[in-house]
Amino acid sequence: MEPRLPLTPAVRRLVVVSGVLAFVGASIGDVIALSTSPVPSAPAALLPLLVAGPLTGLATLETRWSPSLSKRVAVVTAVSLALTAWSLAWPAGTIQLSVLEMFGVLFLIFRTTTHRSRPVVAAALTLPLGVVTLLLPLRISRWPEIVGVEYVMTLLVAISISIGCALRALETRREHMVRETRQAERLALARDLHDLVAHHMTGIIVQANAALTIHAIAPDKVDPILRNIVDAGTETLESTRRLVRVLREDDHAAVQQGELLAELSELVAAHSAASDDAGATARLQATAAARTACLGPEAEIAIHRLVQEALANVRRHAPGTQAVVHVDALSDQVRVSVTNTPAPHAVTGPLGGHGGYGLLGLRERIEALDGTLHAGPLPEGGWQVQAALPLTGLAAR
């Protein structure tokens with residue numbers, strides 16, 4: 001299981017820079033140790049510094065050319081054990097310890113603990129690395145130093161495994177929450193599907209009864225009614241297919257069809273009324289094209305959920321800010337965005353809310369309608385959630 005924490009670009013750059021500095025610092029430490037120690041007579045005695053250290057450092061890198069983690073662990077384990085065995089058979093004081101090798105093996109222990117695999121496989125990869133790390137102090141010639149270094153290495157191994165297990169548990173919890181969020185969204189879609197089908201079927205039944213009633217007295221008026229029934233049935237079928245697409249994969253209020261802007265106005269007004277800060281307001285901006293566009297019912301429901309979730313996040317994570325809900329319709333799609341200004345003061349709590357699972361459910365719903373969803377910070381500060389949904393032929397009429 002690879003840790004997939006929601007790190008910002010700045011934090012990612014900090015992690016990369018820190019890793020490079022650690023690699024350079026450990027390499028410098030090896031060079032200093034080599035320059036201040038007597039040069040061994042046999043070149044093989046320098047293998048920990050010249051081979052094992054750089055090899056272990058390269059094994060910690062994750063690139064598209066890197067072998068699998070199990071292969072890297074096998075190579076590092078074999079090389080390190082071979083050099084430790086060599087040091088036990090070599091005269092005392094002729095084998096050097098590599099700082100880069102020690103810290104590289106510790107980082108590999110962390111990687112194997114958090115690796116995306118079954119716990120038994122992760123333990124099988126971690127165990128040999130732990131043994132290798134605890135055997136490294138045997139390369140030292142004096143017994144008192146061996147005991148001290150062994151104690152430190154035992155603590156470092158325990159810390160690496162503990163941090164890895166903690167991240168593994170967090171990732172397991174995150175995946176569990178993702179599954180629960182998707183399941184809850186699918187249940188909501190099922191309720192919406194029921195409302196959608198009931199709405200259209202009611203209209204179809206009413207028009208069919210009307211056709212039966214006027215068939216005898218005004219047969220020329222039956223054809224338009226039948227065409228309306230066909231259109232309504234086709235629209236219902238297309239909408240049902242789009243919603244069922246999500247239901248087939250591994251407290252919502254109903255939205256009245258055709259009253260999307262009225263519903264959004266109520267959400268914006270409720271957001272402004274719920275804030276204790278007089279400057280924390282929200283306003284709705286709808287273009288003329290958006291006011292005249294005829295959206296499909298499933299698109300209206302998705303937009304309503306989007307604005308509802310985005311405004312809830314503004315109240316939770318950026319209180320005291322101003323929010324703007326913008327709705328626009330183009331020839332082939334409708335675009336909705338919710339933008340808020342920078343927060344006037346820092347808000348305690350995890351960045352992006354309690355895991356960001358509300359946006360995950362929205363993405364599930366919008367992508368089911370062949371739409372796109374983007375959420376992220378703005379260059380000048382603040383946050384924006386933006387979605388685009390296609391206008392189907394029936395909805396665009």
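**Entry 1: ground rules**

I noted that the model is predicted, that local features need pLDDT of at least 70, that side-chain atom pairs count only at pLDDT 80 or more, and that totals for chains, interfaces and linings use all residues. Residues are numbered from 1 along each chain as its sequence is written, and side-chain values use heavy atoms, with hydrogens and water left out. I took helices (H or I, at least four residues) and strands (E, at least two) as DSSP runs, numbered from the N terminus.

**Entry 2: helix 3 with helix 5**

Two packed helices are described by the angle between their axes and the distance between the axes. I used axes that are lines fitted to C-alpha atoms, for helices over the stretch in contact, with angles running from 0 to 180 degrees between N-to-C directions. I looked up helix 3 (residues 69–89) and helix 5 (residues 119–135), and found that they pack at about 25 degrees with their axes 10 Å apart. Helix 3 and helix 5 are therefore roughly parallel to each other, where angles under 35 degrees count as roughly parallel, over 145 as roughly antiparallel, 65 to 115 as roughly perpendicular and the rest as oblique. Helix 3 passes helix 5 in a left-handed crossing; a crossing is left-handed if the near helix is turned anticlockwise from the far one by less than a right angle, and right-handed if clockwise.

I then listed the contact (heavy atoms within 4.5 Å): helix 3 brings Ser70, Val73, Val76, Thr77, Ser80, Leu81 and Thr84, while helix 5 brings Leu125, Pro128, Leu129, Val132 and Leu135.

**Entry 3: helix 3 with helix 4**

I turned next to helix 3 and helix 4, which pack at an angle of about 145 degrees with their axes 11 Å apart, and whose crossing is left-handed. On the helix 3 side I found Leu69, Val73, Val76 and Ser80, meeting Glu101, Val105, Leu108, Arg111 and Thr112 of helix 4. The residues of this contact divide into 5 nonpolar, 2 polar and 2 charged.

I followed Arg111 of helix 4 further, and it counts as buried at 8% relative accessibility (buried means under 20% relative accessible area, exposed over 50%, partly exposed in between, with a 1.4 Å probe and protein chains only). The C-alpha atoms of Arg111 and Thr60 are separated by 8.3 Å, although these residues stand 51 apart along the chain.

Thr56, which I placed in helix 2 (residues 47–59), is buried with a relative accessible area of 3%. Leaving aside neighbours within four places in sequence, I found Thr56 in contact with Val76, Glu101, Gly104, Val105 and Leu108.

**Entry 4: the aromatic pair**

I found 1 aromatic pair in the structure, where rings of Phe, Tyr and Trp (its six-membered ring) pair if their centres lie within 6.5 Å, and planes under 30 degrees apart count as stacked, over 60 as edge-to-face and the rest as tilted. The pair is Phe107 with Phe110, tilted, at 5.9 Å centre to centre and 40 degrees between the planes. Because they are 3 residues apart in helix 4 (residues 99–113), Phe107 and Phe110 are separated by about one helical turn. Phe107 is partly exposed at 37%, whereas Phe110 is buried at 17%.

**Entry 5: helix 8 with helix 10**

I read that the axes of helix 8 (residues 260–274) and helix 10 (residues 297–317) come within 10 Å and cross at roughly 10 degrees, which makes helix 8 roughly parallel to helix 10. Among the residues in contact I noted Leu264, Leu267 and His271 of helix 8, and Ile303, His304 and Leu311 of helix 10. The contact of helix 8 with helix 10 divides into 9 nonpolar, 3 polar and 3 charged residues.

**Entry 6: two more residues**

Arg291, in helix 9 (residues 288–292), counts as exposed at 57% relative accessibility. Leaving aside neighbours within four places in sequence, I found Arg291 in contact with Leu261 and Ala286.

Ala387, in strand 5 (residues 383–390), counts as buried at 5% relative accessibility. I found Ala387 and Thr372 15 residues apart in sequence and 5.5 Å apart in space, C-alpha to C-alpha.

Technical notes: Nonpolar A, V, L, I, M, F, W, Y, C, P; charged D, E, K, R; others polar.
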